[in-house]
Amino acid sequence: MIKKTTMLLLAGGFTAVSACKSTKTDTTATTMTDQTTTAAAATPAAVALDYPKTKKSDQTDDYFGTNVADPYRWQETHDEALDAWIAQENQVTQSYFASIPFRDNIKSRLTQIWNYPKYGAPFKEGGKYYFFKNDGLQNQSVLYVQPSLEAEPKVFLDPNKFSNDGTVALSSLEFSKDGKYVAYGTSSGGSDWNTYYVLDATTGKKLADEVEWVKFSGPSWYKDGFFYSRYDAPTEGNKLANKNEYHKVYYHKVGTPQTQDNLVYEDKAHALRNFYGQTTEDERFLVLNVSEGASGANALYYKDLTNSKASIKPIVEDFESEYNVVDNMGDKLLVRTNKNAPRYRLVLIDPKKPQEKNWQVLIPESADVMTGVSLVGGRIIATYMKDASSLVTVFDTKGKQLNKVELPGIGTVGGFSGKKEDQETFFTFTSFTYPPTIYRYDVPKNKVTLFRKSEVDINTDAFETKQVFYTSKDGTKVPMFIVHKKGLVLNGNNPTMLYAYGGFNISMTPSFSVSNMLWLENGGVYALPNLRGGGEYGEEWHKAGVTPNKQNVFDDFIAAAEYLIDQKYTSSEKLAVSGGSNGGLLVGAFMTQRPELAKVALPAVGVMDMLRFHKFTIGWAWVPEYGSSEASEAQFKNLYAFSPLHNIKEGVKYPATLVKTADHDDRVVPAHSFKFISTLQEKGAPGNPYLIRIDVRAGHGAGKPTSLLIQEAADTWAFVYQNMGLNPYENQ
């Protein structure tokens, strides 16, 4: 099967996500040294929140005749002054946390329930089985190898040895076709910048190869080397904020220095295009996925690697639809696409005759969204999504439906990776109260058996999940999952966490969270609406939430909050709203548009400055989703109307706000959060705390160590409970 990984250049998510098979980088929860400062115990009400006196400038910008002030522009540049300001803000925030009497109880309980073995699904390379495992509280998960499923596993690669504090993480992993070598990437401090290394898979010996300045890529093997994509090394300024331009594809041969790598492809005419190279399982084709933004649409190029004189040629060039190559079938490519099929279909494309009229449709579009395709054991395994939950259907290679894979219930599946000749594959099933559980699937027999189940120190049977459909502002029906203890009384007084994302064609499906289980076991309600802008109902649902329709997303979120209040799940005084990255923008828009509707707001690593986001790192890739303040007056006015930073008003009492970011975030640069909290502390009416929590030596979220995850969750829940006037451990 082709090593297909789709770039996520978006404001959220990780660097890469599998489109047709599970990635081999581990997704289990991982931990960092507890760096929390202590302070004299006191109730937060007694703590005088003396915010830093943040300097301002008279910086203004003219947008089509509208002057817009940007007094905190200086926070976009990382220097000593900014470091000093970060330290001051963190001191205020950590003093506040330290004064919450039950914060340590929360951290202790989180540590207790976090501490269980977490496994990744096995995958087979070179005749051996590999899998990831975290013993419970390890900072990073460890890769193990075993010659058979019954043999004793041995450590193959331990990312915990990459650094002393767990802040260097494994970011990518790919074995050569024969299983002889493995290329792996590391990321330091959560940065999107990667460095690749090579191991001899037989001996486990690390070779001398070192490939730097890789970004938005993955290694894809061909013979005794691999293709990868990189930018030129930064020559000046801040490497964590500089705009990323002129992506290039290279080929690295094992045993040679990077200076000898062969430049395979570049496009000097288009600075803002990204290229992701993949090879088919039989190494016949190199396929280049070409993107101009992060909303999914891409072009597709290819090269026939059996012909040394062949050049890279286009298959599709219009950037109007999404094309994910699963693998090849002989001289044709198997492609999942939403071209004239908003919920996707599977087609065979002859790259020599790529026009749509020549396509062979193997699996037509259905009422459900086709989310992924694998080619394993002579079968096509297609994963679908119906109302944000997974279904799996198996077809033969002619597209004839054979059977459906039996799943444990309503939830989310991932996996089904493997090679064409494999007779078995593995998948993971999870839901809100169902820890990730691994199943083995016998492809010829269509038989599912339990392979490995984790035991968690929580009675998951005590909770229930329901799905409701509520009405948004314009009459659109929006689905929402609601999770709580069985027997919940709808008295309008239950503490409730409303979390969402709403963008970039990303679907929010049921998943297990140890952190959320602490909330649920203490009587909390957790609600997850599937807002427009996501991919839950295909490309039409996505397009309904992008520029110029982005306000639909915020309206959907507001309507979800109103539904929970109207149906007596909670009240405004017991409601918290949360989201990260694009979801941080969501929370920022929510709290500036309807500040009275929630008690607590938790915007994390959010896109808060909608007028300048495109000027940093990969921000330009979000323009198809959001628009650009410089493109037209209409787009400027649209962005200006909901930009969280620019809609904070003088004297308004906003929800108790905890902004979360990290100093090494080079996806959504922390200046977004810095400028937002500085403005909120300046203008917001007193009464609620307006704080920022800034992780040091951390990034956008990928690879964050377990100890840091636990501390962040403890701080967050302590902040929520405190500002709702609740103590979950009052009787202990």
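# Briefing: salt bridges, cores and local backbone features

The side chains of arginine 336 and glutamate 322 form a salt bridge, with an N to O distance of 3.6 Å. Arginine 336 sits in strand β23 (residues 332-337) and glutamate 322 in the loop between β21 (313-316) and β22 (323-329), so this pair ties together parts that are 14 residues apart in sequence. Please keep in mind that this is a predicted model. The mean pLDDT of the chain is 90, and 91% of its residues reach 70 or more. A stretch to handle separately is residues 3-47, where the pLDDT is below 50; beyond near neighbours in sequence, that stretch has 164 contacts in the model.

**Salt bridges**

- The count of salt bridges comes to 35.
- Both partners of the opening pair are on the inside: arginine 336 is buried, with a relative accessible area of 6%, and glutamate 322 is buried too, with a relative accessible area of 9%.
- Arginine 612 and glutamate 76 also meet through their side chains in a salt bridge, at 2.8 Å from N to O. This pair links distant parts of the chain, 536 residues apart: arginine 612 is in the loop between β39 (600-604) and α7 (623-626), and glutamate 76 is in the loop between β4 (66-69) and α1 (80-98). Both arginine 612 and glutamate 76 are buried.
- Lysine 615 and glutamate 630 make a salt bridge at 2.8 Å, N to O. Lysine 615 belongs to the loop between β39 and α7 and glutamate 630 to the loop between α7 and α8 (633-642), so the pair ties together parts that are 15 residues apart in sequence.
- In this pair, lysine 615 counts as partly exposed at 31% relative accessibility, and glutamate 630 counts as partly exposed at 46%.
- Salt bridges that share partners bring Asp61, Asp70, Arg73, Glu76, Asp609, Arg612 and Lys675 into one network.

**Nonpolar cores**

- The largest nonpolar core has 115 residues. Ile106, Met480, Leu498 and Trp622 have the most contacts inside this core.
- Setting aside neighbours within four places in sequence, isoleucine 106 is in contact with Leu518, Ala714, Trp717, Ala718, Tyr721 and Tyr729.
- There is also a second, separate core of 16 residues, which includes Leu346, Leu362, Leu375 and Ala382.

- Strand β26 (residues 369-376) is largely enclosed by the rest of the structure, because seven of its eight residues are buried.
- Strands β26 and β27 (residues 379-386) run antiparallel and are joined by seven bridges.
- Across the pairing, valine 373 stands opposite alanine 382 in β27. Alanine 382 is also among the residues of the second core.
- Two residues lie between the strands of this hairpin, and glycine 377 in the turn has a positive phi of about 60°.

- Serine 578 is placed in strand β38 (residues 575-580). Serine 578 counts as buried because its relative accessibility is 14%, where the cut-off is under 20%.
- Beyond residues up to four places away in sequence, serine 578 touches Met497, Leu498, Tyr499, Ala500, Phe557, Val587 and Leu602. One of these, Leu498, is listed among the residues with the most contacts inside the largest core.
- Threonine 679 lies in helix α9 (residues 671-683) and counts as buried at 7% relative accessibility.
- The side chain of threonine 679 reaches the backbone oxygen of lysine 675 at 2.8 Å. Lysine 675 is also a member of the salt-bridge network.
- Not counting residues up to four places away in sequence, threonine 679 touches Tyr72, Leu645, Ile648 and Gly684.

**Backbone geometry to check**

- A cis peptide bond joins threonine 547 and proline 548, with omega about 5°. Proline 548 is found in the loop between α4 (539-543) and α5.
- Lysine 568 has a positive phi of about 70° although it is not a glycine. Lysine 568 is in the loop between α5 and β38 and is partly exposed, with a relative accessible area of 47%.
- Threonine 617 likewise is not a glycine, yet has a positive phi, of about 35°. Threonine 617 is in the loop between β39 and α7 and counts as buried at 0% relative accessibility.

Methods. Residues numbered from 1 in each chain as written. Predicted model: local features only at pLDDT ≥ 70, side-chain atom pairs only at ≥ 80, totals over all residues. Heavy atoms only, no water. Helix = DSSP H or I, 4+ residues; strand = E, 2+ residues; numbered from the N terminus. Buried < 20%, exposed > 50% of the residue type's maximum accessible area, 1.4 Å probe, protein only. Contact = heavy atoms within 4.5 Å. pLDDT = per-residue confidence, 0-100. Pairing = 2+ DSSP bridges. Polar contact = N/O pair within 3.5 Å; in protein donor to acceptor, adjacent residues only side chain to side chain. Salt bridge = Lys/Arg side-chain N within 4 Å of Asp/Glu carboxyl O. Core = buried A, V, L, I, M, F, W, Y, C linked by side-chain atoms within 4.5 Å.
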